[in-house]
Amino acid sequence: MSSTTPARAKKKFADLSPWQRALVLVLASVQLSLAATAWADLATRPAEKVNGNKLKWALIIAVNFIGPISYFRKGRRN
């Protein structure tokens, strides 16, 4: 016999409470702002001032929160 547990149903945005919706929107805004700023910096920075391949960093920046923060901490040369 196997024990079955009901799968948790995915919540839709409309099912969230108002404060949960606000939190999701704030976090999404921060993520998009970080990514846009990092991509803009990468696009305007000369290749010799980037640690590694610019294409690699462009893809890494797409990873939520971790990518843009990694780029700002490790991807740029002074």
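This is a predicted model: local features need pLDDT of at least 70, side-chain atom pairs count only at pLDDT 80 or more; totals for chains, interfaces and linings use all residues.
**Reading a helical model**

Student: Which residues of α1 are buried?

Tutor: Buried means under 20% relative accessible area. In α1 the buried residues are Gln31, Ala35, Ala38, Asp41 and Leu42.

Student: How many residues does α1 have, and what distance does α1 reach from its first C-alpha to its last?

Tutor: A helix can be checked by setting its end-to-end reach against the span expected at 1.5 Å a residue. Helix α1 has 27 residues and reaches 39 Å from first C-alpha to last, close to the expected 39 Å.

Student: How do I read the way two helices pack, and at what angle do the axes of α1 and α2 cross?

Tutor: Look at the angle between the axes, where over 145 degrees counts as roughly antiparallel. The axes of α1 and α2 cross at roughly 170 degrees and come within 10 Å. That angle is why α1 is roughly antiparallel to α2.

Student: Which residues make that contact?

Tutor: From α1 come Gln31, Ala35, Ala38, Trp39, Leu42 and Ala43, and from α2 come Lys54, Trp57, Ala58 and Ile61. Sorted by class, the contact of α1 with α2 has 8 nonpolar, 1 polar and 1 charged residues.

Student: At what angle do α2 and α3 pack?

Tutor: The angle there is about 140 degrees, and the axes are 7 Å apart. So α2 is oblique to α3. On the α2 side the residues are Trp57, Ile60 and Ile61, and they meet Gly67, Pro68, Ser70, Tyr71, Lys74 and Gly75 in α3. The contact of α2 with α3 divides into 5 nonpolar, 3 polar and 1 charged residues.

Student: What is a nonpolar core, and which residues make up the largest one here?

Tutor: In soluble globular proteins, nonpolar side chains tend to be buried together. In this model the largest nonpolar core is made up of 7 residues: Ala35, Ala38, Leu42, Val50, Trp57, Ile61 and Tyr71. Two elements give two or more residues to this core, α1 (18–44) and α2 (54–61). The largest share, 3 residues, comes from α1.

Student: Asp41 was in the list of buried residues. What relative accessibility does Asp41 have?

Tutor: Asp41 counts as buried because its relative accessibility is 17%. Asp41 is in helix α1. Setting aside residues up to four places away in sequence, Asp41 touches Tyr71, Phe72 and Arg76.

Student: In which loop does Phe65 lie, and what is the phi of Phe65 near?

Tutor: Phe65 lies in the loop between α2 and α3. The phi of Phe65 is near 55 degrees, a positive value in a residue other than glycine. With 29% relative accessible area, Phe65 is partly exposed.

Student: How do sequence separation and spatial distance read for Leu25 and Trp39?

Tutor: Give each pair two numbers, one along the chain and one in space. Leu25 and Trp39 are 14 residues apart in sequence, and their C-alpha atoms are 21 Å apart. Ser29 and Ala62 are 33 residues apart along the chain, with 14 Å between their C-alpha atoms.

Student: And what are the two separations for Lys56 and Ala28?

Tutor: They are 28 residues apart in sequence and 23 Å apart in space, C-alpha to C-alpha. Lys56 itself is in helix α2 and counts as partly exposed at 39% relative accessibility.

Definitions and conventions:
Residues are numbered from 1 along each chain as its sequence is written. Side-chain values use heavy atoms; hydrogens and water are left out. A nonpolar core is a set of buried Ala, Val, Leu, Ile, Met, Phe, Trp, Tyr and Cys residues joined through side-chain atoms within 4.5 Å. Buried means under 20% relative accessible area, exposed over 50%, partly exposed in between (1.4 Å probe, protein chains only). Helices (H or I, at least four residues) and strands (E, at least two) are DSSP runs, numbered from the N terminus. Axes are lines fitted to C-alpha atoms, for helices over the stretch in contact, and angles run from 0 to 180 degrees between N-to-C directions. Angles under 35 degrees count as roughly parallel, over 145 as roughly antiparallel, 65 to 115 as roughly perpendicular and the rest as oblique. Contact means heavy atoms within 4.5 Å. Ala, Val, Leu, Ile, Met, Phe, Trp, Tyr, Cys and Pro count as nonpolar, Asp, Glu, Lys and Arg as charged, and the others, Gly among them, as polar.
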